Amino acid sequence: MGSNPYQLILAGFVLPLRVHYAFNALAAACALLLGHPLVAAWGFATVSGGDTVYQLVIRRWLAASAGADEAAGLRHLAVACSLRVGLYIAPAVAMALSGGAPELSYMAVVAVSMIAVAPAAGSLSRLIFWALAAPVVVACGLTATLTEPRSAAAILAALVGLIVVLELVSRGTTRAVGAWQAAFSTNLAMIPELEAARDHAMAEQAAADAAREEARRANQAKSNFLATMSHEIRTPMNGVLGMAQLLRRDETHPVQAERIATLLESGEYLLSILDDILDVSKIDAGRLEIVRGVEDLRLFLDRLVGFWGGRASEKGVSLGLEVDDSVPDFVLMDALRLRQVLFNLVGNALKFTEHGSVEVLAQARPREAGGVWVRLSVRDTGPGIAAQHLPCLFERFSQGDDFAVRKFGGTGLGLAIAKQLTELMGGRIWVESELGGGATFHIEIPLDLAMAGAPAPAPTGAEQPMGPPLRLLAVDDNKINLLVLDQLLSAFGHVVATAGSGAEALEILAAQPFDLVLMDIQMPDMSGTEALGRLRAGGGPNAAAPVIALTADVTSGGRQRYLDLGFTEHSTKPIKVHDLVDAIARAMVAERPEAQAARSA
């Protein structure tokens with residue numbers, strides 16, 4: 001169906017011929033009942049023939065209406081409508097002119113029927129409206145003239161009123177329908193725009209989905225790269241630092257001991273750079289979580305300052321701690337991340353301060369939501385920071401000035417990580433400084449008060465006794481790592497056997513008992529996780545033996561991840577003696593798998 005009035009009117013006039021024939025048969029029956037058989041026959045034949053021609057013409061015009069002139073088409077249609085109505089009204093007029101009151105009544109009914117059709121069929125065009133109504137009005141006027149003068153005058157006056165009413169109806173109907181048709185046409189014209197907008201939105205959605213998928217793949221590739229880089233760098237560093245620790249343990253010559261200390265310090269500095277890069281990646285990926293626990297805040301600060309005491313003494317710089325009475329004893333906090341932030345601030349202060357002092361200050365104030373705001377400040381008497389460098393100081397790869405970079409080195413990631421960690425803990429970090437006047441870095445974090453203190457941690461490294469000698473199996477595909485583990489653990493009196501793959505380890509474990517297994521995670525052919533699963537499922541003398549996960553990949557998750565995988569404990573590479581000793585001690589007192597299974601059952 002078309003969208004202009006001409007096409008809509010044409011479509012409305014299309015009716016099946018049987019409907020016309022049925023209506024014409026009804027009119028012929030009425031004429032027979034009124035006693036006019038010739039009129040009935042003439043009317044049925046003439047009107048039915050006219051309807052047949054009319055429907056054929058209407059259908060042809062409708063088929064060609066898309067490219068037709070609308071005004072000319074309406075004029076032609078008006079003529080056709082007038083002829084059609086004339087054919088319909090002619091038999092009734094013929095009977096009224098030759099009959100009496102019944103014939104006049106019949107004509108009145110036919111006239112009313114024709115007038116009723118006009119507003120509906122001509123609602124889109126006043127020309128069509130009057131083409132349908134005018135023949136009826138003319139027929140009524142012609143009939144009225146045949147009556148006596150007074151009756152004719154009355155009928156003609158009534159017809160004038162009818163014409164006025166019809167005109168008002170025509171105008172109102174045409175105006176209302178025209179407004180609707182204009183709105184319809186406007187909406188119809190919007191369809192291509194809406195379709196284009198829909199297609200554009202779908203294209204943008206598809207592009208966004210593609211970009212999101214590309215970003216996901218890129219992030220996955222970055223994570224895989226960082227995991228590989230971490231493993232590949234830490235694996236050889238494990239050999240370097242492990243052997244250096246063994247040399248330091250056995251070396252008595254002061255000059256050689258100093259050289260070994262330098263080697264260890266340089267290796268640990270290289271690892272700190274790698275850790276900074278990995279921390280940035282974790283923060284960006286949203287995988288770095290804040291884990292709060294009960295901590296003695298005053299003891300925490302005292303140990304932190306004590307850790308840096310040796311470095312301060314070497315430089316001849318005074319290092320002090322001042323804790324205000326407002327600072328609570330026990331709080332809920334992530335000690336690991338707060339220590340990481342403060343280590344960075346205190347380490348920087350000692351690095352840049354050649355003489356004078358570094359002070360750590362602690363204050364607290366009540367928090368509206370409960371708990372306290374704790375402000376920790378690190379103040380130094382170093383060279384200070386120029387005002388133009390302050391705004392970008394906490395940005396990645398940014399440092400105070402080029403001279404500082406050349407003199408002191410560093411990646412420029414430490415303060416950026418400190419800022420992000422502080423914000424993850426719900427706090428903020430800022431600096432106050434002027435060139436030549438030292439610098440003061442502040443962090444302020446919200447902490448909840450704890451009801452009880454946490455137990456003091458067990459001593460580590462040399463402070464912790466090793467216990468009786470153990471029979472250990474070290475599993476690693478890297479021969480240097482096996483050599484480091486063998487010599488480190490043998491130095492503590494343990495008996496160490498080695499295996500270069502997961503399959504070899506399972507063969508050894510099936511043949512002889514061990515007190516503990518040190519299992520590398522990333523091995524070719526069979527990973528440490530798979531080897532653990534086969535060990536637990538295969539029975540044998542070591543099915544319940546404690547197994548420590550050793551991994552150089554620190555991007556996939558921390559200690560808890562490996563405990564969830566079924567390992568008894570976890571230690572990272574490069575191996576640090578005190579960390580490994582701690583892990584062995586915890587593993588030997590941990591609950592065995594069969595006890596866990598019995599308890600869960």
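The dialogue below treats strands, helix packing and a record annotation in turn.

User: What kind of model is this, and how are residues numbered?

Analyst: This is a predicted model, in which local features need pLDDT of at least 70 and side-chain atom pairs count only at pLDDT 80 or more, while totals for chains, interfaces and linings use all residues. Residues are numbered from 1 along each chain as its sequence is written, and side-chain values use heavy atoms, with hydrogens and water left out.

User: How many strands form the open sheet, and in what order?

Analyst: Strands of a sheet pair through backbone hydrogen bonds, either parallel or antiparallel. Strands (E, at least two residues) and helices (H or I, at least four residues) are DSSP runs numbered from the N terminus, and two strands pair if DSSP finds at least two bridges between them. Here five strands form an open sheet in the order 9-8-10-11-12, with parallel pairing. Strand 9 (495-499) and strand 12 (569-572) stand at the edges with a single partner strand each, so one side of each is left without a neighbour in the sheet. From one strand to the next, the twist averages 20°; angles run from 0 to 180 degrees between N-to-C directions, and axes are lines fitted to C-alpha atoms, for helices over the stretch in contact.

User: Which strand pairs with strand 8, and which helix packs on the sheet?

Analyst: Strand 8 (residues 471-475) pairs with strand 10 (residues 516-520) in the parallel sense over four bridges, and L472 stands opposite L516 in strand 10. Helix 14 (residues 479-491) packs on this sheet and touches strand 8, strand 9, strand 10 and strand 11 (547-551), where contact means heavy atoms within 4.5 Å. The direction of helix 14 makes about 170° with that of strand 9.

User: In which sense, parallel or antiparallel, does strand 4 pair with strand 5?

Analyst: Strand 4 and strand 5 (residues 372-380) pair in the antiparallel sense over nine bridges, with Q363 opposite R375 in strand 5. The two strands form a hairpin with five residues between them, and G370 in the turn has a positive phi of about 100°. With strand 2 (residues 318-323), strand 4 (residues 357-366) pairs in the parallel sense over six bridges; V360 in strand 4 is the bridge partner of L321.

User: At what angle do helix 5 and helix 6 pack?

Analyst: Helix 5 (residues 101-121) and helix 6 (residues 126-144) pack at about 165°, their axes 8 Å apart. That makes helix 5 roughly antiparallel to helix 6; angles under 35 degrees count as roughly parallel, over 145 as roughly antiparallel, 65 to 115 as roughly perpendicular and the rest as oblique. Residues of helix 5, including L104 and M107, meet residues of helix 6, among them I128 and F129.

User: How do helix 9 and helix 11 cross, and which residues of helix 9 take part?

Analyst: The axes of helix 9 (residues 297-307) and helix 11 (residues 335-352) come within 11 Å and cross at roughly 40°. That makes helix 9 oblique to helix 11. From helix 9, F300, L301, L304 and F307 meet residues of helix 11, including A335 and L338.

User: Which residues does the "transmembrane region" annotation cover?

Analyst: The UniProt annotation, from an unreviewed entry, covers residues 77-98, 128-146 and 152-169. UniProt positions are given in the numbering used here, feature names are shortened, and annotations may be inferred rather than shown by experiment. In the model, residues 77-98 are 100% helix and 0% strand, and their end C-alpha atoms lie 32 Å apart.
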